[in-house]
Amino acid sequence: MHPDLDRIVLTEQQIQDRITEIGADISRDYGDESVLLIAVLRGASLFIADLARRITSPVEIDFMAVSSYGSSRQSSGVVRIIKDLEELIEGRHVLVVEDILDTGLTLKYLLKNLASRKPATLEVVTLLSKEDKQRVPISCRYVGFSVPDEFVVGYGLDYAERYRNLPYIGVLKPEIYSG
Ligand code: IMP
């Protein structure tokens, strides 16, 4: 385990096994229809890479980047798109790939924006969901794991841009935050 971590919440094996299950669910639901996976940079980049390889339906991939105003550990819900999609999504089956659903504010904004572009379907897959924390209700078709309301890092999730490369997800030692 990385020395900055207090404990591991999800092991690499648990994460990968669950992604295999979600990939099977998605493949069953979309069948031979083409699905456009849209990941929000940068946290979901590892998840989309693993998930895409577990889906047997035809898959296309696109990315968006958003910046949230306010401090990095607190979502303000005011979101600016800093990198938009390359693809037009009208009439297509869009599946937004998220790393973690916290307050839901970022995703709510994003879904409203994407819905206005008239996709045929618009669904969400999130690896993690902090259930008690959601301020706005978001319906996620696929959820990997429910996690307690703690700040977690690893498998794409960062603290000050670090720890994204850990293959597992864990909680940092408190002294790492206090510097
Ligand atoms: P929301 O708008 O509050 O749902 O914030 C969602 C975004 O905040 C996620 O996509 C992450 O980038 C970030 N975030 C929320 N909770 C955590 C966490 O525990 N660790 C790392 N990043 C997080």
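Select residues 35-41, which make up strand β2, together with β5: five bridges join them, and the two run parallel. This is a predicted model. Now pick out L37, and look across to β5: L95 stands opposite.

Next, select residues 93-101. This is strand β5. Is it enclosed by the rest of the structure, or open? Nine of its nine residues are buried, so β5 is largely enclosed by the rest of the structure. Buried here means under 20% relative accessible area.

Click L101, and find S129 of β6 opposite. Then trace the chain between these two strands: from β5 it passes through helix α3, residues 105-115, to β6. This β-α-β crossover is right-handed.

Strands of a sheet pair through backbone hydrogen bonds, either parallel or antiparallel. For an antiparallel case, move to the open sheet of three strands, in the order β1-β9-β8. Which strands stand at its edges? Select 5-10 for β1 and 152-153 for β8: these are the edge strands. Each has a single partner strand, so one side of each is left without a neighbour in the sheet.

Finish with residues 169-172, strand β9. Two bridges join β9 to β8, and they run antiparallel. Select V153, then look in β9 for its bridge partner: G170.

Key: Residues numbered from 1 in each chain as written. Predicted model: local features only at pLDDT ≥ 70, side-chain atom pairs only at ≥ 80, totals over all residues. Heavy atoms only, no water. Pairing = 2+ DSSP bridges. Helix = DSSP H or I, 4+ residues; strand = E, 2+ residues; numbered from the N terminus. Buried < 20%, exposed > 50% of the residue type's maximum accessible area, 1.4 Å probe, protein only. Right-handed = clockwise from strand over helix to strand, strands pointing away.
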